[in-house]
Amino acid sequence: MSDILKSSAAALAEKLSAGEITSRSLCQKFLAAIEADGHNCLIGVRAEEALAEADTIDAARAKGEKLPSTAGLPLVIKDNMVVRGKLPTTCGSKILHNFSSPYDAHVVERLKEAGMIVLGKANMDEFAMGSSNENSAFGPVKGPVQQDRVPGGSSGGSTAAVALNLAPFALGSDTGGSIRQPAAFCGVVGLKPTYGRVSRYGLVAYGSSLDQIGPLAHTVEDAAMLLGVIAGHDERDSTSAEQPVPDFSAQLGSGVKGLKVGLPREYFPEELDKNVRARVDEQVEQLKAGGAEIVEVSLPHTKYAIAAYYIVATAEASANLARFDGVRYGHRSTKAGDLLEMYRNSRSEGFGPEVQRRIMLGTYVLSSGYYDAYYLKAQKVRTLITRDFTEAFKSVDVLLTPTTPTPAFKIGELVNDPVSMYLQDIFTVTINLAGVPAVSVPAGDVNGLPVGAQVIGKHFDEQTVLRVAASLEGGAR
Amino acid sequence: MSVSKDEVARIASLARLELGETDVDRMTEDMNAVLAYVEQLKEVDTEGVSPHSFLAGKATPLQPDEVTKFANRDEALANAPQGEGTFFIVPQVIE
């Protein structure tokens with residue numbers, strides 16, 4: 001029966017629909033797995049609420065009511081998406097350790113409409129700032145494949161939960177690679193949709209022009225299913241796109257014959273780990289065997305992406321995190337003092353070191369005298385980076401790259417070296433800067449540690465991205 | 001460009017953060033490491049380049065200027081570290 005925990009969401013949906021298993025029974029099994037797990041994947045669990053929701057679905061099904069195809073499926077979501085109720089939304093931070101949201105995020109509303117059940121809130125780097133899940137006020141997440149290695153971040157908890165079969169799939173968020181990089185480290189599928197594809201209403205903001213919510217799953221089919229549930233316009237998010245939502249699953253079986261796949265040379269530098277290169281080359285061979293045409297392209301401004309990202313993202317973060325001041329919610333310092341001291345003490349006590357570092361950088365680059373040299377400059381470089389993609393997509397349908405420069409590093413290895421940690425995102429941040437969609441798919445392993453290949457597509461062309469990803473997953477066709 | 005410890009203290013004040021002496025040293029070091037790294041953006045010719053990238057040309061969507069009520073106000077107020085009715089209590093603001 002433990003095989004059921006390893007099933008794809010699609011397979012579970014069929015079993016639920018056929019009445020072979022009840023949602024309650026399914027949720028109970030996953031909740032038991034969560035309870036027994038020692039990787040620190042979850043910050044909070046909502047067992048009672050989840051089982052009550054499961055019972056409602058089971059009762060409706062027993063009555064013969066027509067239910068959405070996803071009804072009864074459980075999942076976990078990263079703890080930066082608000083869920084109404086007592087269970088806090090913490091963002092992995094002490095400053096929100098006791099914040100009970102009075103409303104549901106848009107994606108949570110969509111999940112509920114689809115009959116899906118949130119089992120709990122996944123651990124994460126604090127306020128989504130990090131690439132290792134070592135920056136959580138609730139302790140690090142241990143890597144699912146090797147416990148002394150990081151799961152990646154910032155959606156480390158969501159990703160490890162899927163890899164460990166604590167939930168069939170999960171939602172994460174991605175600002176500079178926070179879905180794709182942990183997906184690569186943990187050997188699962190992780191997709192960042194086009195900017196604007198999924199509403200950010202109820203996603204606690206880190207970098208508002210970069211953040212997107214996306215699925216983490218065992219299979220491309222499951223990722224497509226979950227994306228279909230959460231995607232679509234929401235007028236409460238002014239950056240939400242009015243683009244019509246296609247059936248993301250429609251082209252999964254189409255293969256890659258006739259597609260043009262670009263390999264950007266800047267993502268395959270001489271220094272790239274030979275083993276990672278070998279795994280990605282194998283994916284290229286698979287695509288060739290499937291009838292795709294491989295084209296070498298160039299994205300010349302790639303080397304400036306990390307610099308541009310860490311100016312833009314920290315600037316936006318400094319503004320977004322100004323609201324955490326101890327006044328209306330969250331941690332308030334008990335040290336005596338005037339209003340200013342209350343702000344300073346509450347924030348300094350409540351925010352971890354990485355968050356404080358990024359707030360400081362962001363404040364600096366936006367401050368008078370420095371705005372033009374840093375923030376404005378970075379935004380202009382961002383335009384050039386975006387143009388690189390637009391140019392490349394004139395001659396190819398998708399791009400293929402490694403997701404990360406190395407497999408998972410050890411817990412503690414990079415935590416005292418901020419710049420080295422930031423360089424982990426070298427192949428992922430460009431995608432957020434340009435707003436294009438990208439997915440990481442498992443691409444074998446190096447000495448037992450998973451490696452990911454990244455497929456990048458044109459704005460709003462998740463269908464082609466998923467189509468290529470499915471082809472890689474299914475082996476050569 | 002690099003930051004001095006004094007500037008770091010000034011920025012901390014702007015950011016409403018309290019940095020102790022050792023923290024200021026560490027923060028100065030860390031910020032300078034990042035600032036040194038991002039210096040390379042100077043190399044890029046951005047003459048005539050717009051800072052608005054893929055979001056360019058999108059008009060900000062507007063909404064009707066109507067007052068709406070948030071239904072779960074009591075739940076929101078329940079998060080207040082110190083509150084009374086519909087007020088949040090804070091240290092004295094005006095002398």
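The contact between the two chains takes 51 residues from chain A and 40 residues from chain B, where two residues are in contact if their C-beta atoms, placed from the backbone, lie within 7 Å. On the side of chain B that touches chain A, helix H1 (5-14), helix H2 (21-38) and helix H3 (73-77) of chain B each supply at least two residues, and H2(B) gives the largest share of that side, seven residues. Helices (H or I, at least four residues) and strands (E, at least two) are DSSP runs, numbered from the N terminus. By class, the side of chain B that touches chain A holds 26 nonpolar, ten polar and four charged residues; here Ala, Val, Leu, Ile, Met, Phe, Trp, Tyr, Cys and Pro count as nonpolar, Asp, Glu, Lys and Arg as charged, and the others, Gly among them, as polar.

This is a predicted model, in which local features need pLDDT of at least 70 and side-chain atom pairs count only at pLDDT 80 or more, while totals for chains, interfaces and linings use all residues. Residues are numbered from 1 along each chain as its sequence is written, and chains are lettered from A and ligands numbered from 1 in the order in which they are written.

**The two chains**

The table sets out the overall values for each chain. The radius of gyration is taken over C-alpha atoms, and the globule rule is 2.2 Å times the number of residues to the power 0.38. A residue is buried if 20 or more other C-beta atoms lie within 10 Å of its own, exposed if 12 or fewer, and partly exposed in between, with C-beta atoms placed from the backbone.

| Chain | Radius of gyration | Globule value | C-alpha extent along principal axes | Buried residues |
|---|---|---|---|---|
| Chain B | 22 Å | near 12 Å | about 55 × 45 × 25 Å | 18% of 95 residues |

In chain B the radius of gyration is 22 Å, but a compact globule of 95 residues would have one near 12 Å. Chain A contains 16 helices and eleven strands, and of its contacts with a separation of 6 or more, 76% join residues 24 or more positions apart. Chain B has three helices and two strands, following the pattern α-α-α-β-β along the sequence.

**The sheet of chain A**

An open sheet of eleven strands in chain A has the order E1-E3-E2-E4-E6-E5-E10-E11-E9-E7-E8, with mixed pairing; two strands pair if DSSP finds at least two bridges between them. Strand E1 (42-45) and strand E8 (293-297) of chain A are the edge strands, each pairing on one side only, and the twist averages 30 degrees from one strand to the next.

Strand E2 (residues 74-78) and strand E4 (residues 169-174) of chain A pair in the parallel sense over two bridges, with A:Ile77 opposite A:Leu171 in E4(A). E4(A) also pairs with E6(A), in the antiparallel sense over six bridges, and there A:Leu171 stands opposite A:Pro215. E6(A) pairs with E5(A) in the antiparallel sense over two bridges, placing A:Gly190 opposite A:Leu216. Six of the six residues of E6(A) are buried, so this strand is largely enclosed by the rest of the structure.

Helix H6 (residues 156-163) of chain A lies across E1, E2, E3, E4, E5 and E6 of chain A and runs at about 155 degrees to E4(A), whereas helix H8 (residues 220-230) of chain A lies across E4, E5, E6 and E10 of chain A at about 145 degrees to E6(A). Axes are lines fitted to C-alpha atoms, for helices over the stretch in contact, and angles run from 0 to 180 degrees between N-to-C directions.

**Helix packing**

In chain A, helix H10 (residues 305-320) and helix H12 (residues 353-366) pack at an angle of about 100 degrees with their axes 7 Å apart, which makes H10(A) roughly perpendicular to H12(A); angles of 65 to 115 degrees count as roughly perpendicular, those under 35 as roughly parallel, those over 145 as roughly antiparallel, and the rest as oblique. Their contact has seven nonpolar, four polar and one charged residues.

In chain B, the axes of H1(B) and H2(B) come within 9 Å and cross at roughly 100 degrees, and these helices are therefore roughly perpendicular to each other. B:Lys5, B:Val8 and B:Ala9 in H1(B) meet B:Val24, B:Met27, B:Thr28 and B:Met31 in H2(B), a contact of five nonpolar, one polar and one charged residues.
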